[in-house]
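This briefing is meant for a reader who is meeting the structure for the first time. Please keep the sequence and the model in view while going through the points below.

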Amino acid sequence: KTPGEDGFWFPQDPCQRPITFHHLISSDFQRLHDVSVKVAAESIETYGNKSKHFELTYGDVFQEYYKDTDLYSHLYEGFDRPGNDYKHFESINKEECASMCERETRCYSWVFDGKKCWLKDTIGHDKTQAKGFYSGVFPEKYVCDWDV
């Protein structure tokens, strides 16, 4: 899978730098180059030449490819996101589950199975249909913050 496709895998750490995107088509190479140039320019403008963020990160790629799509939205009805759980608890509804994920820095996505809330520390790339399940992602949280 390549960026922009449903199912592209993003690592847990948005500050991780991509090593290769060997399946890209030529227009994607140009797009990633343009994003990389933009990231470096913004970094110099914000931090001067002392910035750590001159290189493209997965957080940058995610924001470029998915920020204006509904591929990663706040709520999916009838879908599970298997794996990557770091916490689970009894929950009364999907709103409580989503609210808990939103408050926790580590949480990027969540699943409510009708009884339990499952908080996840990655965006995850797998979605499976699951009747009665709700899941969601907070795409705005998947950014690299070098100041932390």
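This is a predicted model: local features need pLDDT of at least 70, side-chain atom pairs count only at pLDDT 80 or more; totals for chains, interfaces and linings use all residues.

Two strands are said to pair if DSSP finds at least two bridges between them, and strands themselves are DSSP runs of at least two residues, numbered from the N terminus. With that in mind, W110 stands opposite L119 in β4.

**Overall make-up**

- The secondary structure comes to three helices and five strands, which follow one another along the sequence in the pattern α-α-β-β-α-β-β-β.
- Among contacts with a separation of 6 or more, 69% are accounted for by residues 24 or more positions apart.

**Strand pairing around β4**

- Strand β4, made up of residues 116-120, pairs with β2 in the antiparallel sense over five bridges, and within β4 it is C117 that F89 stands opposite.
- Strand β3, residues 109-112, also runs antiparallel to β4 and is joined to it by four bridges.
- β3 and β4 form a hairpin with three residues between them, and in the turn G114 has a positive phi of about 105°.

**Salt bridges**

- Side chains of opposite charge can pair when their charged atoms come close.
- The structure holds four salt bridges, and three of them are described here, including the one between K120 and D85, whose closest N and O atoms are 2.3 Å apart.
- The pair of K120 in strand β4 and D85 in strand β2 links distant parts of the chain, 35 residues apart; K120 counts as buried at 3% relative accessibility, whereas D85 is partly exposed, with a relative accessible area of 39%.
- K87 forms a salt bridge with E104, with 2.6 Å between the closest N and O atoms, and because K87 lies in strand β2 and E104 in the loop between α3 (94-103) and β3, the pair ties together parts that are 17 residues apart in sequence.
- In this pair K87 is partly exposed, with a relative accessible area of 34%, while E104 is buried at 17%, a value under the 20% limit that defines a buried residue.
- The side chains of D121 and R106 meet in a salt bridge at 3.1 Å, N to O, and this pair links the loop between β4 and β5 (128-137), where D121 lies, with the loop between α3 and β3, where R106 lies, 15 residues apart.
- D121 is buried, with a relative accessible area of 10%, and R106 is partly exposed, with a relative accessible area of 46%.

**The surroundings of N84**

- N84 lies in the loop between β1 (76-80) and β2 (85-90), and with a relative accessible area of 37% it is partly exposed.
- The side chain of N84 makes a polar contact with the side chain of T122, at 3.0 Å.
- N84 and G124 are 40 residues apart in sequence, yet 7.3 Å apart in space, C-alpha to C-alpha.

Note on methods. Residues are numbered from 1 along each chain as its sequence is written. Side-chain values use heavy atoms; hydrogens and water are left out. Buried means under 20% relative accessible area, exposed over 50%, partly exposed in between (1.4 Å probe, protein chains only). A polar contact is a pair of N or O atoms within 3.5 Å; within protein, one must be able to donate a hydrogen and the other to accept it, and residues adjacent in sequence count only if both atoms are side-chain atoms. Contact means heavy atoms within 4.5 Å.
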